[in-house]
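Dear colleague,

Please find below the sequence and the structure for your records. My notes on the findings follow directly after them.

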Amino acid sequence: MGSKRFPLFVDLTGRAAVVIGGGKVGLRRAEVLRRFGADVTLISPRLCAPLEGVRHIPRPYQPGDLAGAFLAVAAADDGAVNAAAGREARERGVMFNRSDCPAECDFFFPAVCEGEGLVAGIAGDGSDHRRTAEAARKIRQIIREI
């Protein structure tokens with residue numbers, strides 16, 4: 001079981017966010033960040049699907065890619081790449097999320113529930129993803145009914 005996670009809502013409008021990895025997880029993270037107003041750069045040699053509204057740099061991560069970022073997400077299929085991005089994020093004071101290692105995360109992606117000017121985020125302790133998804137489904141339903 002993981003630790004309790006404090007819910008923190010941040011205005012990302014115009015803030016630089018870097019996502020490393022063009023697979024399904026990286027694209028989902030980039031899309032959520034974009035939807036909430038972040039200026040998203042996605043670094044990956046390939047994307048598993050096209051993604052509009054996001055700047056794509058078609059190459060592997062390189063040290064220095066996090067310069068000027070407010071937050072960064074490492075979702076590459078290579079743990080060494082994710083670890084290197086984490087080291088750079090710590091050196092630069094960039095908020096960091098690593099999709100394959102919760103212990104190295106400064107923040108966590110919640111299940112986002114939106115509707116009619118409301119936003120709720122659900123995050124579990126990492127022990128039961130199905131329970132978290134079910135809670136998010138129910139909260140989305142409640143938001144639609146309000």
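The buried residues of helix α1 are Gly-26, Leu-27, Arg-29, Ala-30, Val-32 and Leu-33; buried means under 20% relative accessible area, exposed means over 50%, and partly exposed lies in between, with a 1.4 Å probe and protein chains only. Please note that this is a predicted model, in which local features need pLDDT of at least 70 and side-chain atom pairs count only at pLDDT 80 or more, whereas totals for chains, interfaces and linings use all residues. Residues are numbered from 1 along each chain as its sequence is written, and side-chain values use heavy atoms, with hydrogens and water left out.

The cover over the buried residues of α1 includes β1 (16–20), β2 (39–43), β4 (71–74), β5 (95–98) and β6 (111–115). Helices (H or I, at least four residues) and strands (E, at least two) are DSSP runs, numbered from the N terminus. Helix α1 itself comprises twelve residues, 24–35, and reaches 16 Å from its first C-alpha to its last, close to the 16 Å expected at 1.5 Å a residue; the expected span is 1.5 Å times one less than the number of residues. After α1 comes Gly-37, with a positive phi near 95°.

Leu-33 belongs to helix α1 and counts as buried because its relative accessibility is 4%. Leaving aside neighbours within four places in sequence, Leu-33 is in contact with Leu-12, Ala-17, Val-19, Ala-38, Val-40, Leu-71, Val-73 and Phe-109, where contact means heavy atoms within 4.5 Å. By comparison, Ile-142 is 109 residues from Leu-33 along the chain, and their C-alpha atoms are separated by 24 Å.

Helix α2 covers residues 79–92; its 14 residues should span 20 Å at 1.5 Å a residue, and its end C-alpha atoms are 20 Å apart, which agrees. Its buried residues are Asn-82, Ala-83, Ala-85, Gly-86, Glu-88 and Ala-89. These buried residues of α2 pack against β1, β4 and β5.

Two further positions may be of interest. Glu-116 sits in the loop between β6 and β7 (118–122), and its phi is near 50°, a positive value in a residue other than glycine. Glu-116 counts as exposed because its relative accessibility is 76%. Ala-133, in helix α3 (residues 129–145), is partly exposed, with a relative accessible area of 45%. Ala-133 and Pro-110 are 23 residues apart in sequence and 9.8 Å apart in space, C-alpha to C-alpha.

Turning to the protein as a whole, the secondary structure comes to three helices and seven strands, which run β-α-β-β-β-α-β-β-β-α from the N terminus on. The radius of gyration is 15 Å, close to the 15 Å that the globule rule gives for 146 residues, so the protein is as compact as a globular protein of that length; this radius is taken over C-alpha atoms, and the rule is 2.2 Å times the number of residues to the power 0.38. Along its principal axes, the C-alpha trace spans about 45 × 35 × 25 Å. Buried residues make up 35% of the 146 residues. Of the contacts with a separation of 6 or more, 45% are between residues 24 or more positions apart.

Yours sincerely
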